[in-house]
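Please consult the sequence and the structure shown below while reading.

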Amino acid sequence: MDTNGNVKTAGRTLDVFETFEAVRRPLSLSELARNLDIPVSSCHALVRTLKGRGYLYAVGERGLYPTRRILGLARTIAAHDPLLERLAPHLKALRDATGETVLLGKRQDGAVVYLDVVEGPQTIRYTAQPGDLKPLHSSAIGKAMLGECGEAELGRLLASLPMPCVTPATVTDAARLMDEIRAGRAAGLYVTRGENVPDVMALAASVRVNDEPYGIAVAGPLGRVDAAQDSIAAALRAAIDRIREGEGMHDRRSPAGGAS
């Protein structure tokens with residue numbers, strides 16, 4: 001376990017698949033070890049385990065590549081995610097209404113983790129991946145999650161929250177960020193303008209599902225989103241209202257799905 005509490009073996013296993021995703025070709029054992037920055041002996045033990053479980057296979061005499069086993073597992077897991085099953089139709093409808101990328105995320109420790117990304121149809125669009133981690137202070141969903149905090153909790157959090165300068169537009173002053181969070185809370189809408197990714201603007205709002213706060217954002221090129229800000233804000237608020245209405249109906253059902 002490292003100083004951040006991460007289990008090294010688990011991290012290295014994930015690094016294997018992320019390496020193949022990056023290089024997109026078979027690798028020899030020595031190449032994989034070099035990419036992972038670990039000794040060949042350690043890499044060999046890891047590869048042997050993954051081959052024995054059916055996650056890697058040999059290509060030619062020296063090559064290695066992942067099988068489709070992990071893809072099958074991922075599809076099954078994603079298809080039965082209870083949160084995404086309920087919210088996916090709303091996210092896709094919001095994408096269709098705005099023409100921009102829609103993101104679903106929640107606070108995880110001191111960051112925001114993206115749970116779903118529905119990319120817009122435009123050639124030039126904001127792109128991200130589920131599982132991406134974004135700072136609380138510089139992302140629209142992060143601000144929405146901060147807005148879920150009470151005043152005392154928010155003050156304590158901002159006093160200790162690292163606020164690095166992600167872009168030249170990032171707000172790194174706690175007092176200014178506090179003012180922005182309060183304004184966003186009053187408006188029910190949180191905005192970032194190039195604060196997390198240069199030239200990208202995002203609008204976000206929070207919604208509670210199973211009494212847990214989540215954030216939904218619409219993001220795209222700054223100029224395009226800025227010009228359509230009013231219509232995007234209206235579409236986002238309407239989506240949040242529909243989700244809240246659905247949550248009210250869900251709460252009135254019994255666990256078996258019948259009337260309570």
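A residue is called buried when its relative accessible area is under 20%, exposed when it is over 50%, and partly exposed in between (1.4 Å probe, protein chains only). The model is predicted, so that local features need pLDDT of at least 70 and side-chain atom pairs count only at pLDDT 80 or more, whereas totals for chains, interfaces and linings use all residues. Residues are numbered from 1 along each chain as its sequence is written, and side-chain values use heavy atoms, with hydrogens and water left out.

**Salt bridges**

A salt bridge is a side-chain nitrogen of Lys or Arg within 4 Å of a carboxyl oxygen of Asp or Glu. The whole structure contains 15 salt bridges. Three of them are listed here.

| Pair | N to O distance |
|---|---|
| Glu-100 and Arg-224 | 2.6 Å |
| Glu-212 and Lys-106 | 2.7 Å |
| Arg-185 and Glu-151 | 2.8 Å |

Helices (H or I, at least four residues) and strands (E, at least two) are DSSP runs, numbered from the N terminus. Glu-100 and Arg-224 form a salt bridge that links distant parts of the chain: Glu-100 is in the loop between helix 5 (82-98) and strand 4, and Arg-224 is in helix 9 (residues 222-227), 124 residues apart. Glu-100 counts as buried because its relative accessibility is 3%, whereas Arg-224, at 28%, is partly exposed.

In the salt bridge between Glu-212 and Lys-106, Glu-212 belongs to strand 9 (residues 212-221) and Lys-106 to strand 4, so the pair ties together parts that are 106 residues apart in sequence. Glu-212 is partly exposed at 36% relative accessibility, while Lys-106 is buried at 18%.

Arg-185 and Glu-151 are also joined by a salt bridge; Arg-185 lies in helix 8 (residues 174-187) and Glu-151 in helix 7 (residues 151-160), so parts 34 residues apart in sequence are tied together. Arg-185 is partly exposed, at 31%, and Glu-151 is partly exposed, at 37%.

**Surroundings of Thr-101**

Thr-101 lies in strand 4 (residues 101-108) and counts as buried because its relative accessibility is 0%. Its side chain reaches the backbone nitrogen of Gly-120 at 3.1 Å. A polar atom of the Thr-101 side chain also lies 2.6 Å from the backbone oxygen of Tyr-126. With contact meaning heavy atoms within 4.5 Å, and residues up to four places away in sequence not counted, Thr-101 touches residues including Val-117, Arg-125 and Val-218.

Note on methods. Polar contact = N/O pair within 3.5 Å; in protein donor to acceptor, adjacent residues only side chain to side chain.
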